[in-house]
Amino acid sequence: MSQGQERRSEKLLPVALLGLGILLQLAGCSPPPDPVVCTHGTSNCTVTNTYGFFLCPAANVTYPRTEKELVAAVAAVAAVKRKVKVATKHSHSIPKLACPGGHDGTIISTARLNRTVRVDAEKRLMTVESGMLLRDLIEAAAAEGLSLPHSPYWSGLTIGGLLATGAHGSSLWGKGGAVHEYVVGLRIVTPAPASQGFAVVRELGAHHPDLDAAKVSIGVLGVISQVTLALQSLFKRSVTFVKRDDSDFADRVAMWGRLHEFGDMIWLPQQGKVVYRQDDRVDVSTPGDGLNDMFLFRANPTRATIAARAAEELLQENSTDTARCAAAQLQADTLERLAYGFTNDGASFTGYPVVGYQHRIQASGTCVDSPEDGLRSACGWDPWIPSSFNDNSGFSVALSKAPAFIADMQRLRDLNPAVFCAGVDPRIGVAFRYIKASSAYLGKAEDSIAIDIVYYRSHTAGMPRVHADVVDEIEQMALRKYDALPHWGKNRNIAFNGAISKYPKANEFLMVKDRYDPDGLFSSEWSDQVLGINGSPNITKEHCAIEGLCVCSKDSHCAPEQGYFCRPGKVYAKARVCSFGKDY
Ligand SMILES: Cc1cc2nc3c(=O)[nH]c(=O)nc-3n(C[C@H](O)[C@H](O)[C@H](O)COP(=O)(O)OP(=O)(O)OC[C@H]3O[C@@H](n4cnc5c(N)ncnc54)[C@H](O)[C@@H]3O)c2cc1C
């Protein structure tokens with residue numbers, strides 16, 4: 001091999017490794033670790049999230065198995081006015097929602113509150129404990145001939161956790177894509193005066209006004225013990241992915257969700273394409289036993305995960321846009337060729353449409369439910385191995401403003417499409433899903449489109465990522481120009497600054513919080529900041545804009561020593577982003 005060929009193949013190695021990372025999948029897998037770890041039994045603990053983004057101290061943890069034990073756990077902290085937070089089996093939220101604050105706080109884990117309480121098949125109602133995983137919930141519903149009509153796409157979440165952050169799938173039909181729209185009752189344990197034993201169970205029925213506070217609560221009202229969901233008869237769906245040119249994307253965004261009950265879209269800005277998910281309910285007699293086992297949520301061999309991350313780091317830190325775009329294209333093409341992990345019969349993909357029962361299509365997450373294999377394989381983001389480490393900006397824009405927002409993003413893309421190859425995770429692109437207006441105080445006030453952008457994050461604090469300015473400009477444009485609302489369970493600090501003022505019913509929420517938890521035991525510094533009670537989530541210091549802790553106002557908030565300076569946005573001139581001097 002000549003020197004030139006050698007150098008070329010070295011440059012293409014990361015590209016090949018990233019493609020290989022998608023292709024290699026195993027049947028076994030180490031499940032994600034418990035987010036709560038203690039050094040002395042159940043004392044002297046820390047809590048983290050599934051990515052290991054934060055590590056907060058806590059004095060102790062309890063694992064109630066029944067509502068009675070849950071009441072006792074809340075009473076124990078309320079009696080001594082100790083801070084407390086709920087942690088779940090895997091703790092998937094990105095912000096520090098699970099941190100009780102200080103060293104003296106308590107964690108109440110819902111990991112053992114994971115049973116079905118009752119099913120009324122005739123009325124299509126199902127009551128479950130709040131720590132039940134979405135995976136188990138949709139399986140249990142299907143076993144009774146029932147379907148949860150909408151859910152997040154990842155099944156490793158708990159019902160209590162996903163409700164707390166307003167999590168959703170995609171739909172504009174009926175009550176829409178957010179799970180909290182299907183909650184018709186819940187039982188929540190809150191602190192109480194000594195005369196009531198320091199804790200009470202509040203039962204909120206479908207018409208109880210406080211249900212609008214409790215069904216999306218970011219965990220500050222108390223511990224949800226049980227949730228009752230209105231389900232539907234088990235149905236089938238027919239899914240086809242259609243890739244099209246993005247020239248009419250801005251016009252189609254409002255229409256697609258009205259045409260297809262479970263429609264969504266993935267925009268690949270660097271390719272000028274949109275992958276439309278054409279996904280509709282079909283008669284149960286329609287043949288097909290399709291399965292959604294998304295590649296990104298399957299177990300990966302640890303060695304492949306490590307190699308893929310190393311390749312990603314190489315592409316970020318020491319490569320060219322040409323190589324980055326080749327890698328992005330390969331990853332997007334590989335996933336498309338493999339139908340994103342959909343199969344027609346649970347084993348192989350033979351062509352669209354994929355028709356299958358709702359519980360086999362609505363969500364997936366095989367990497368959490370496989371037996372322990374000594375970390376030979378794991379979820380692609382497992383914190384115990386040098387795995388994929390990404391940030392996720394997730395925000396929703398009112399549907400009425402979505403066409404203008406998309407047109408602005410396309411203008412930014414047209415300036416230099418290649419920068420999006422590194423700016424945005426090419427496997428996910430920019431994802432668009434639908435949510436309907438909600439009566440939940442912390443839900444969406446208008447029909448909206450939820451947008452997700454996943455992007456590389458360095459393990460080194462303050463290290464810039466390549467072409468970060470495009471995503472940062474889009475994020476600021478969404479939040480400021482288009483009044484976007486951040487997903488409560490995703491995002492970096494800046495997305496939450498001032499967010500609460502965009503919720504018309506925020507005061508109603510805070511009044512319920514004051515009644516349920518007057519001493520703020522379930523509140524933390526973080527929740528007080530995002531709810532506008534005390535302080536701001538923004539942190540201003542050197543490199544803060546690189547970390548998403550602030551919007552830069554001077555160069556030192558970026559990384560001037562590495563050539564990154566604070567500059568106005570290129571399309572949204574009011575944005576302030578860290579741009580690489582030579583690119584700008
Ligand atoms: C791989 C992945 C895929 C995702 N996909 C989607 C998606 O498709 N759609 C979407 O909208 N979101 C998605 N998310 C985000 C996710 O839905 C939210 O972060 C969700 O809140 C996490 O649920 P959890 O069970 O892990 O809860 P946690 O993150 O552990 O908890 C979230 C909050 O809820 C509180 N809480 C938990 N249980 C209770 C309870 N019983 N009572 C009171 N408070 C409680 C916690 O204290 C915390 O404040 C995804 C996240 C990941 C990591």
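**Salt bridges in the model**

Analyst: Let's start with one residue. Asp212 counts as buried, at 18% relative accessibility. One thing to keep in mind: this is a predicted model.

User: Why does 18% make Asp212 buried?

Analyst: Because buried means under 20% relative accessible area, and Asp212 has 18%.

User: Which residue forms a salt bridge with Asp212?

Analyst: Lys215 does. The closest N and O atoms are 3.6 Å apart.

User: Is Lys215 buried or exposed?

Analyst: Buried. Lys215 has 7% relative accessibility.

User: OK, new topic. What does Lys243 pair with?

Analyst: Lys243 forms a salt bridge with Glu336. Their closest N and O atoms are 2.9 Å apart.

User: Where do Lys243 and Glu336 lie?

Analyst: Lys243 lies in strand 13, residues 236–245. Glu336 lies in helix 8, residues 321–337. So the pair ties together parts that are 93 residues apart in sequence.

User: And how accessible are Lys243 and Glu336?

Analyst: Lys243 is partly exposed, with a relative accessible area of 28%. Glu336 also counts as partly exposed, at 33%.

User: What about Arg252? Which residue does Arg252 meet in a salt bridge?

Analyst: Asp248. The N to O distance between their side chains is 3.8 Å. Arg252 counts as buried, at 14% relative accessibility.

User: Which residues are joined into one network?

Analyst: Arg237, Asp264, Arg277 and Asp279. They are linked by salt bridges that share partners.

User: Last one. How many salt bridges does the structure hold?

Analyst: The structure holds 31.

Key
Residues are numbered from 1 along each chain as its sequence is written. This is a predicted model: local features need pLDDT of at least 70, side-chain atom pairs count only at pLDDT 80 or more; totals for chains, interfaces and linings use all residues. Side-chain values use heavy atoms; hydrogens and water are left out. A salt bridge is a side-chain nitrogen of Lys or Arg within 4 Å of a carboxyl oxygen of Asp or Glu. Buried means under 20% relative accessible area, exposed over 50%, partly exposed in between (1.4 Å probe, protein chains only). Helices (H or I, at least four residues) and strands (E, at least two) are DSSP runs, numbered from the N terminus.
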